[in-house]
Amino acid sequence: MGKRPPSSEDMEKGREKARPSMPPPHLCPPPPKPWVPWLVPIIFVANVAVFIYTMYVNDCPSIDENKCILPSLKRFSFQPFKENPLLGPAGLTLKKLGALERQLVVEEGEGWRLLSCMWLHAGVVHLLANMLSLLFIGIRLEQEFGFIRIGLLYVLAGLGGSLGSTMHLMRTTSPTISVGASGALFGLLGAMLSELLINWTIYVNKCTALLILIVVIALNMAVGFLPKVDNSAHIGGFLAGFFLGFIILVRPQYGYIRRKHLPSTYDGKHKPRHKGYQYVLGSGALVILILGYTYGFGKLYGLKALKNLP
């Protein structure tokens, strides 16, 4: 007997079996929108404005007009090269406006100088070097991480640089002042390094980026060994920024997608937001920062628990 011709229902089932399974949809998170940088430009303008005000208060001609550099600038003219080779005000003016000095900070209790010194500069050369670094590094970081995180990083790293500088001044016998945003700027450099390390999975050409960053940091650190440069502020700011970066500049791991960006039909494995090593580094950095700031303030103001520390 002949075979019964397949029914239309049987033919449809055969097509379903022969049809290959559809691949899962290509999941790609939307690219993050860059932040519009406004805080770093404001910090730039504030530093320049403070320097102009510093020169106005300095008023070199009122002391000795014949020794001033560029006397045509009148009260904005600079102190003699022998006194200030960076084209800036007198040390007494900087001290009056909030420069960092051991005796005033430690013995007189003027702790506000730990922050005010970040906004003062010793001269035009000093100001230009710091502001170029601020724009070059700070704009990029604010575009990627926003003003809140970069503002917090800038202030806390600057505070770390001030603590390092003050502890160094405590070991010197001659009265010395320290000014400048270098501690905060080195903090941004340190944060760039820790950000690369903790977000290692999302970067391409990781080793090249790491090598370039290390060379840039080494060159900037080398400047600190020049005469009259406060390298202790550089080191303190760098270390503070380095550990802060592990906490406030952490990104989601490669391949992470927020659930709201997943299609409703997706039932695949969902990656966690962060890898385990990111939590470990962030927690360790937080502990180190707490201990570091506690140690610094304890050395300055003699907390009872830290009186016997070396």
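Cys-207 is exposed, because its relative accessibility is 60%. Cys-117, at 4% relative accessibility, counts as buried. Here buried means under 20% relative accessible area, exposed over 50%, and partly exposed in between, with a 1.4 Å probe and protein chains only.

This is a predicted model, in which local features need pLDDT of at least 70 and side-chain atom pairs count only at pLDDT 80 or more, while totals for chains, interfaces and linings use all residues. Residues are numbered from 1 along each chain as its sequence is written, and side-chain values use heavy atoms, with hydrogens and water left out.

## The disulfide

A disulfide is taken as a pair of cysteine sulfur atoms within 2.5 Å; by this rule there is one. The partners are Cys-60 and Cys-68, with sulfur atoms 2.0 Å apart. Both cysteines, Cys-60 and Cys-68, are buried.

The torsion about the S-S bond of Cys-60 and Cys-68 is about -100°, so the disulfide is left-handed.

## Positive phi in loops

Asp-59 is not a glycine, yet has a positive phi of about 50°. Asp-59 lies in the loop between helix H2 (39-58) and helix H3 (61-64). Helices (H or I, at least four residues) and strands (E, at least two) are DSSP runs, numbered from the N terminus. With a relative accessible area of 18%, Asp-59 is buried.

Leu-87, also a residue other than glycine, has a positive phi near 60°. Its loop runs between H3 and helix H4 (91-97). Leu-87 counts as partly exposed, because its relative accessibility is 23%.
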